[in-house]
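Have a look at the model, then follow along.

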Amino acid sequence: MNPQAHRVDTLAEWLRLPARAQAGLVEPLPALIAARALPAAQEAALVYTLRVLETLGADSATLSAAAAYLALPAEVIPAGVPATLIEGLHEAEKVWSIYGERGARTGSEGLRRLLLAIVRDLRVVLILLARQLVRLRDFKTLPPDDQRRLAELTADIHAPLANRLGIWQLKWELEDLIFRILQPETYHRLAAQLAEKRVDRERYIEETMTALREALDGSGVRAEVSGRPKHIFSIWKKMQKKKLAFDDLYDLRALRVLVDDLGACYTALGIVHNLWPPITSEFDDYIANPKPNGYRSLHTVVLGLQGKAIEVQIRTVEMHRQAELGVAAHWRYKEGGAGDSEFERKIAWMRQLLETSREDEGDEPLLAGLSTELVEDRVYALTPQGKVIDLPQGATVLDFAYQVHTEVGHRCRGAKVNGRIVPLNHRIASGDRVEILTGKVSEPRRDWLVAGSGFLASPRSREKVRGWFNRMDFARNVQAGRELLEKDLKRTGQHQLDLAQVLPKLRLAKLDDLYVAVALGDVSSGQVARALHEVTRAASEVPHDPSLTGLGGALAKPPKPAKGFLIEGVGNLLVQLARCCQPVAGDPIAGYLTRGRGVSVHRRNCPSLRSLAARAPERILPVEWGRETGQSYSVDVLVRAWDRKWLLKDLTTVIGSSNVHILGVTTRVDEGSGRAEIRLTLKVADFEQLGQLLAKIEAVPAVLEARRTQ
């Protein structure tokens, strides 16, 4: 791209160019920009940015977003400009500010990942690259220190992005300008060496092109043959990599051959090799083995006329377009871009780039990623110092703490996200700035290992917590596991059941082994609760509690119904849940035959049921839940907490996110002690959902206890 070609300095001149008949700015952008009477330098920079975008095939929406962002304040941007592009450009400004805060060129790979993570529309990246190229072209107007800062930013962020996205049309010029600013003496020395022999080199290339065209025409291969421009930075990089002197470089002389189809590529390769002997060690087939950024071409070096080495690149016209434009060649510039499988593949590939941790790792990690469209989403968050932390999707602030450092995780007591205090199970979004609040001693909590609590999403973080507890002595683990299990089972009303009966089901020899397994997170409280439920449910087929032995004890068991309740030996009875104990699906239950109101279903350990059984044992009926009840159940929950602002709001948020409905709320605050007592009536699907919800409620800051009431 020659910045002086078709020089146009004003927006009015640009709009009059013939290309405007196909794509321009949405109305009323031209009039709004003209009315602002921008300074000449700013308007010229705007126009050159638009021209760069045109070379990338940008549509009206992209051109309009670039023009509006660069020329207008946010409050006057017209409705026709895509909001997603403007928002993406504002998000990108956060990355530049982070880079400026750090004052060092470390961790720029993380900033590139963050940029691609927060910018969901790729057209934003194209605008950023075009804008930076125009800034670099005008570097001579800046003071030396500003020139260097501009070049370093471009070297750290923009040039690698252009390379990874395969937009070599921008990459080469960005790298040459960076090289010219950061190493001016080396740049000018190489430029002078190129200029000295330019006439001889151009004459040689012209003679070689003529010979190759004649050979291709004689074989019936339609092709376009041209000299390939060589960029100064790539020359210097090759000299450094291969430790060669300038005169030893063979690819200062290079040709490019463009053909119509894939078959013609290999036909042309054969013609070149028949015409001149190849240097076999310098042959690369990037068609059979594309580069990670999608680049495809045949590269060969031959001993051409006069025995001089010359590089020849062979590709189709479409491959050349993709090599120059990269991802931009596949972008259809429509919102979302759905329905184009090739486009979707390129987007999946771009997301895969986020997984590359270092520029110098080579192509192998990404080549494997090209064979699949299944790309794991990642989250990129920031420390207060601006360091980017890479986390799996769904990661919490506690995962963030463990990713920063294991000891930070162990000492984590709270967190702030974007300046606001959040619970430890708060999920992070890309671009969030996270501050971890730590205590003086390492003291992880055992409920961090409970899956239902939602504290840790990363297996790596969970393993660090398990490792900490694993180093504790056996007796402490037994005690901790017992306390944790009793606490969780008490929430669901199962704390009075015999735990020994679940040991065979969990393949454990003794209760101490169960407590240790719970303490280390190998077995969750939820697994124990489910096992208890299954064991007690099986046992309830033949009632073993003498106080609950009644009419149906010796009757044959009919087939289990699809839903509702099974009342042994009796059919077509009205069934209702007892209000005194509010059983939910999964609780061990029994029925009491009332007078005129059918069967009242109670939890088996309900004190009211035992009192009724003592007075009229013949009215007790064995009852079971159906396979799928297909209904929800009302249950009362008591929450005790220290009173604070937003307590009730945080509780209702947790309940709503668990897909549980609130039927009623009553609150009472003791002003003297500062404690709040909140009674909730909830509608849950089963006791497992209830148990997970109670664990989440107890994780809310300031909550002391959350349990089910009788």
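Q: How many residues does the chain have, and what share of them count as buried?
A: This is a predicted model, with 710 residues in the chain, and 49% of them count as buried. The label applies to residues under 20% relative accessible area.

Q: What does the secondary structure of the chain come to?
A: You get 26 helices and 19 strands.

Q: What share of the contacts in the chain between residues at least 6 apart in sequence join residues at least 24 apart?
A: That's 68% of them.

Q: Why does E173 count as buried?
A: Its relative accessibility is 16%, and the cut-off for buried is under 20%, so E173 counts as buried. As for its place in the chain, E173 sits in helix α9, residues 168-182.

Q: What makes the link between the side chains of E173 and R137 a polar contact?
A: The distance between them is 2.9 Å, and a polar contact needs a pair of N or O atoms within 3.5 Å, one able to donate a hydrogen and the other to accept it. The E173 and R137 side chains are therefore joined by a polar contact.

Q: Why is α17 called roughly perpendicular to α19?
A: The axes of α17 (residues 397-404) and α19 (residues 459-470) cross at roughly 75 degrees, coming within 9 Å. Angles of 65 to 115 degrees count as roughly perpendicular, so α17 is roughly perpendicular to α19.

Q: Which residues make that contact of α17 with α19?
A: From α17 it's D399, Y402 and Q403, and from α19 it's R460, S461, K464 and V465. By type, they divide into 2 nonpolar, 2 polar and 3 charged.

Q: What makes β9 and β10 the edges of their sheet?
A: The open sheet has 3 strands in the order β9-β8-β10, with antiparallel pairing. β9 (420-422) and β10 (434-438) each have a single partner strand, so one side of each has no neighbour in the sheet. From one strand to the next, the twist averages 35 degrees.

Q: How do you know that β8 and β9 pair?
A: Strands pair if there are at least two bridges between them, and β8 (residues 412-417) and β9 have 3, in the antiparallel sense. V417, for one, has R420 in β9 as its bridge partner.

Q: Where does α17 lie relative to that sheet?
A: α17 lies across β8, β9 and β10, and runs at about 80 degrees to β10.

Conventions: Residues numbered from 1 in each chain as written. Predicted model: local features only at pLDDT ≥ 70, side-chain atom pairs only at ≥ 80, totals over all residues. Heavy atoms only, no water. Axes fitted to C-alpha atoms, helices over the stretch in contact; angles between N-to-C directions. Helix = DSSP H or I, 4+ residues; strand = E, 2+ residues; numbered from the N terminus. Parallel < 35°, antiparallel > 145°, perpendicular 65-115°, else oblique. Contact = heavy atoms within 4.5 Å. Nonpolar A, V, L, I, M, F, W, Y, C, P; charged D, E, K, R; others polar. Buried < 20%, exposed > 50% of the residue type's maximum accessible area, 1.4 Å probe, protein only.
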